[in-house]
Amino acid sequence: MQQVANNHEHGHAHDHEHGHEDHEQLKVLGFWIFLVTDCILFGSLFATYAVLMHSYAGGPTGKELFELPGVIASTFILLTSSFTSGLAILAMNKGKVKELIGWLVVTALLGLSFIGLEISEFTHLVHEGATMSTSAFWSAFFTLVGTHGVHVSVGLFWMVAIMMQLRRRGLTPVTRRKVTTLSLYWHFLDVVWIFLFTVVYLMGVM
Amino acid sequence: MSGGKWPRRLQLAVLAALASIMLAGCGSDYVVLNPKGPVAQTQYDLIMISIILCSIIIIPVIALTAFIVYRYRDTPNNKATYKPNWAHSTKLEVIWWSIPIVIIAILGYFTVRDTYALKENPNKEVQPMVIQVTSLDWKWLFTYPEQNIATVNYLQIPAGVPVQFQISAEAPMNSFWVPELGGQIYAMAGMTTELYLQADHPGEFQGRGANFTGEGFAHMQFNVKATSQDEFDQWVKEVKGTTPAMSKEDYEQLRKPGLSEVLTYSSFPEGLFEEIVSKYSHGHPMETGGSMHDSMHMDGDKKESAPGSEAGEKKDESAHSTHHMPNTAMTPVMSH
Amino acid sequence: MWESLKEFASWFFVTGDPLIYGAMVSIALTMVAIVFVLTKYKKWGWLWREWLTTVDHKRIGIMYLIASLLMLFRGGVDALLMRVQLAFPNLEFLHSDHYNAIFTTHGTIMILFMAMPMMFGLFNMVVPLQLGARDVAYPFLNAVSFWLFMFGAMLFNLSFVIGGSPDAGWLSYPPLSQNDFSPGPGQNFWIWGIQISGIGSLATGINFIVTILKMRAPGMKLMKMPMFSWSVFSSCVMIILAFPILTVTIALLYLDRFAGAHFFTMDGGGNPMMYLNLIWMWGHPEVYIVVVPAFGIFSEVVATFAKKKLFGYTSMVAAVMGIAILSFFTWAHHFFTMGTSANVIAFFAITTMLIAIPTGVKIFNWLFTMYRGKISFKQPMMWTIAFIPCFVVGGATGVMLSVAPADYQYHNSYFLIAHFHQVLIGGVVFGYLAGIYYWWPKLFGFKLDEKLGAWGFWLWNIGFYVCFMPQYALGFMGMTRRYYTYGWDLGWEPLNLVSTVGAFLMGAGFVFQVWQITYSIKHGERDTTGDPWNGRTLEWSIPSPAPFYNFAVVPQVKELDDFWRVKEEKANGTYKEEPVHLEPIHMPKNSGLPFIMSVCWFIAGFGFVWEWTWMAVIGMVGVALVMWARSFQYDTDYYVPVDEVRRTEASLGRVY
């Protein structure tokens, strides 16, 4: 708090770049708070899932239909993409735009294959007769896993937008902030997936 | 604006209005304040305790407000002390943090005590009688398993005998309420809630649904008649002798949305209530106050084939035994 | 072709009720009139440049205020229609389904489309000024929030003439709100109206938390921050923690209705009671979200008009933050009658009672702020003084309701109705009105007429007690809420009639207030000083109405009530004039994107409501495109040159 107050005292208007950086810091804080709200969103979905996780209503159970190898593969892919997005940040800190974009491309490709696997899993489940309207359990399953998938997809679009901006503008306080928030988001989704993998899949087949 | 007189007049008006309501409370239309059984009596006592405890705060605070507003009004002739920077007093703050704490502690004690008490039979000396209550769109079905009779929109009970109501619904959630006998409890599909009520003396009381269920909701009112045990037995005999039996088809008709007159049936299909409950309790563990109706869990697609079948019930009970703590379904988020 | 068109129209539009035809005609006429006036006076450009694209928090605040007053009108008309229907037994003024729709929209509108925007209006109008900031942390996001609210509210209100209103209660409990019992688009309007505006509310919560944490003037430590800003902080913390739960809950309800899911259905393993838990985990904090800022307003008003420092500032801060935390542990008291175990009931009964402690402390602190003060009875103060007894009684009946076994007798009865109207009107509405009267001159440059205001005040207050005191009694008579009619045999008719009279008195009070506003635009006392009430906080140190950049020079804060300190020091000659140095001011540029994006949300919402997937997809693609476009916008702000600042200030009578 004191920090910001001091910055103001020095008169930010003269130092344009400095004022900008201040502003970008503000956006990172806001993004953290957004992640708090997103946490609660997923928390509510997890709670819902926990309540309904045995409500099969005569339909198939998770144990019957889950195929762990595919899920473990997508877990591995997503964890790796989190790692590569970390490498992207390292590249950014070294000021290497090309390397940064390169790692973002790798991250995006991994994210894309995660989504691909999820789609094929859902198709398989629907094929086996487990849909949104089969039972409360499957409603909760598709909603929880699907919401995570939608988050990842949004992240992919965002990543493409940022790569384009990086190419056009290079590293500026604004693009730096964007890469930082994107990587926060990506790590957050990774953490959510770890919970999801444990609660839904591991506990589901046990 | 004419100085500080108006706010005080307003407060006097408020006090007068409150007092008139309290006094009027003696009238017999004030069903909540005219308890006719032990449960309603307990609740009446609590209401009175809470009114008294709250008055200990309300009356002095309103008086103090009136005094301060009048005393410290900004008029040329007002000689009251003016201390614009006096804004802290630990002593005073300790006092008014403590007052509400003490009051809440007292009220909390009575609340907790009676919360536990009301879960139980209010009259331990007498074996309670069971009546099953089903909320339908938009009528109440009462089935008497011990007498094997059924009524719609009418309830007759023996006075002096505690009645254990087992309550469910095959319609949107309702709430079963007979104010003169005691407070309400929800009627929910796929679940059974329990409520003990007892009428101390013969009499007629109003009963009604208290939770909105749609178009015909306002018409879900019924009379409750408490009679002596002899008269009650006589009535049961009469019902058995003179009214038609309820068939499955009759129930299906009743279930359809619409209003209904008072109806009585000399019998009802065996296990009807249990079947209604189990129809919607499949797939998730069922809550009850821990009665014998636990766990009529059945697979959805088998529901027509084996309602009430012993084997089916047993199997499912064991399958779901781990979820059998009371309240699992009630406060799902908490218990997981 | 003609036949199928006619068939579509009879299904698409609400038909059959003269009230609704009347509304359709008046809506159409109003629209035509607006278009005509805007065209005739060539005001389209002005509307777009000055209002629809603005990111200025003060203008956004004004738009919130206007919208909330319109919604107050609609919600109030709903209330009066209900009271007419209940004035006598067996009245056939409204049919059951129409009555059900009206109480549903009344509740939804009053909480979500009246109280919330009025609150956000006050946040916007006051917080940056009070903090010594030039705008909120994210001005663009702020505009997004407003337009999402606005289009959500419009979508919801559209249900009155198109498709049919929701009629399953303001919280739409399933299974009643499911397809089986509420077919048609009405419930979907409820879901999507709230969903779209709810996203905006969430964003506002984030925006003001960051504004308060990071945008305070230099020297303003958190414990030197005015009480209203503290209450906004408390409210926003609750918003960010509670609103995601609402988003999830109604999204799941929509999945049940649209995709055949089984979250809250009676069959398929669904659990309707989970909905009650989830919706109240949002719903209970929600009432504190709206009432806590009112507490903040009272704190400002009491100190100003008693001309005395706020008593027990530290306690007050502790109390608002304590309320924010406790509010998340009381939700189950909304369904004590669900038959839960005694342990759970006892826990929630006690946590509910605990809330009375910080609230009670606040009351005492306000009283002792007035004690040894010099009270002047201006309009904001009148509403504050009226609030105290009203809220004390309303709070006490709340404590009575928290006594769980007694609640079995009050639940869903008119006792409950009277209680929550007493805290929501006595607390929230009185508070917001006090705030509007108090800050009005700062926003518009003139005061609202005292005499007409007094009429409004007394009609509201007398009307309130006449309307709601009988309802406590009706609760004791066993009258259940949401009854559209009742018989002669219950003895309910005299008190119901009295209650209806009270409702109309409040309605008359509102009419006087509208008159007051229109009268004061021309004849209201002009505020030339910028400090019409002898205020204590920073917002009064700048001219009224505030220039678009708020502060020509960012103030240096030394104390709580810093402006009061400056005035005192000037009076006794100890004030040290510091050399003023004007600098270019960094400001955000206006943008049409928030408006366009919200239009896209509206289109998507309309598609979701009618379950026209193609339309929903078009709308959502639009939303995505706008976000994409915004991401590529880098030229989003500019500097106001010193000359312009100097000129603007000079025109407002301040020379630098």
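Author: Happy to! One term before we start: buried means under 20% relative accessible area. And please keep in mind that this is a predicted model.

Reader: Thanks! With that in hand, is C:H106 buried or exposed?

Author: C:H106 counts as buried, because its relative accessibility is 13% and the cut-off is under 20%.

Reader: Where does C:H106 lie in chain C?

Author: C:H106 is part of helix α5, which covers residues 96–131 of chain C.

Reader: And what does C:H106 touch, leaving out residues up to four places away in sequence?

Author: With those left out, C:H106 touches C:G75, C:D78, C:A79, C:M82 and C:H421. Take C:A79 from that list: it is 27 residues from C:H106 along the chain, and their C-alpha atoms are separated by 6.5 Å.

Reader: Nice. What about C:F329, where is that?

Author: C:F329 sits in a loop of chain C, between α10 (313–326) and α11 (342–370). Its relative accessible area is 41%, so C:F329 is partly exposed.

Reader: Which residues does C:F329 touch, beyond those up to four places away in sequence?

Author: Those are C:F347, C:F348 and C:T351. As for C:T265, it is 64 residues from C:F329 in sequence, and the two are 26 Å apart in space, C-alpha to C-alpha.

Reader: Let's switch to chain B. How many helices and strands are there?

Author: Chain B has 8 helices and 11 strands. Of its 336 residues, 54% are buried. Its accessible surface comes to about 14,400 Å², with 58% of that belonging to carbon and sulfur atoms.

Reader: How is chain B divided into domains?

Author: Domain 1 takes in 6–73 + 89–117, and domain 2 runs over 129–322. Where they meet, domain 1 of chain B supplies 10 residues and domain 2 of chain B supplies 13 residues.

Reader: Which residues of domain 1 of chain B lose the most area to domain 2?

Author: B:V31, B:K36 and B:V39 do, together accounting for 57% of what that side of chain B buries. Between them, the two domains of chain B bury about 820 Å², 59% of it on carbon and sulfur atoms.

Reader: And how many salt bridges are there between domain 1 and domain 2 of chain B?

Author: The count is 1 salt bridge. As for B:K36, it forms a salt bridge with B:E180, where the closest N and O atoms are 3.8 Å apart.

Reader: Now, how many residues of chain B are in contact with chain C?

Author: 99 residues of chain B are in contact with 104 residues of chain C. The two chains bury about 9,400 Å² between them, 73% of it on carbon and sulfur atoms.

Reader: Which side chains meet in a salt bridge there?

Author: C:K307 and B:D74 do, at 2.9 Å from N to O. The count between chain B and chain C is 1 salt bridge.

Reader: Last one: where does UniProt place the "transmembrane region" feature in chain A?

Author: The unreviewed entry places it at several stretches of chain A, including 72–93 and 100–117. Residues 72–93 of chain A are 100% helix, with end C-alpha atoms 32 Å apart. Residues 100–117 of chain A are also 100% helix, and there the end C-alpha atoms are 26 Å apart.

Technical notes. Residues numbered from 1 in each chain as written. Chains lettered and ligands numbered in written order. Predicted model: local features only at pLDDT ≥ 70, side-chain atom pairs only at ≥ 80, totals over all residues. Heavy atoms only, no water. UniProt positions renumbered as here; feature names shortened; annotations may be inferred. Helix = DSSP H or I, 4+ residues; strand = E, 2+ residues; numbered from the N terminus. Buried < 20%, exposed > 50% of the residue type's maximum accessible area, 1.4 Å probe, protein only. Areas by Shrake-Rupley, 256 points an atom, 1.4 Å probe, with all protein chains shown as cover. Domains from an automatic or database assignment. Contact = heavy atoms within 4.5 Å. Buried area = accessible area lost by both parts, 1.4 Å probe. Salt bridge = Lys/Arg side-chain N within 4 Å of Asp/Glu carboxyl O.
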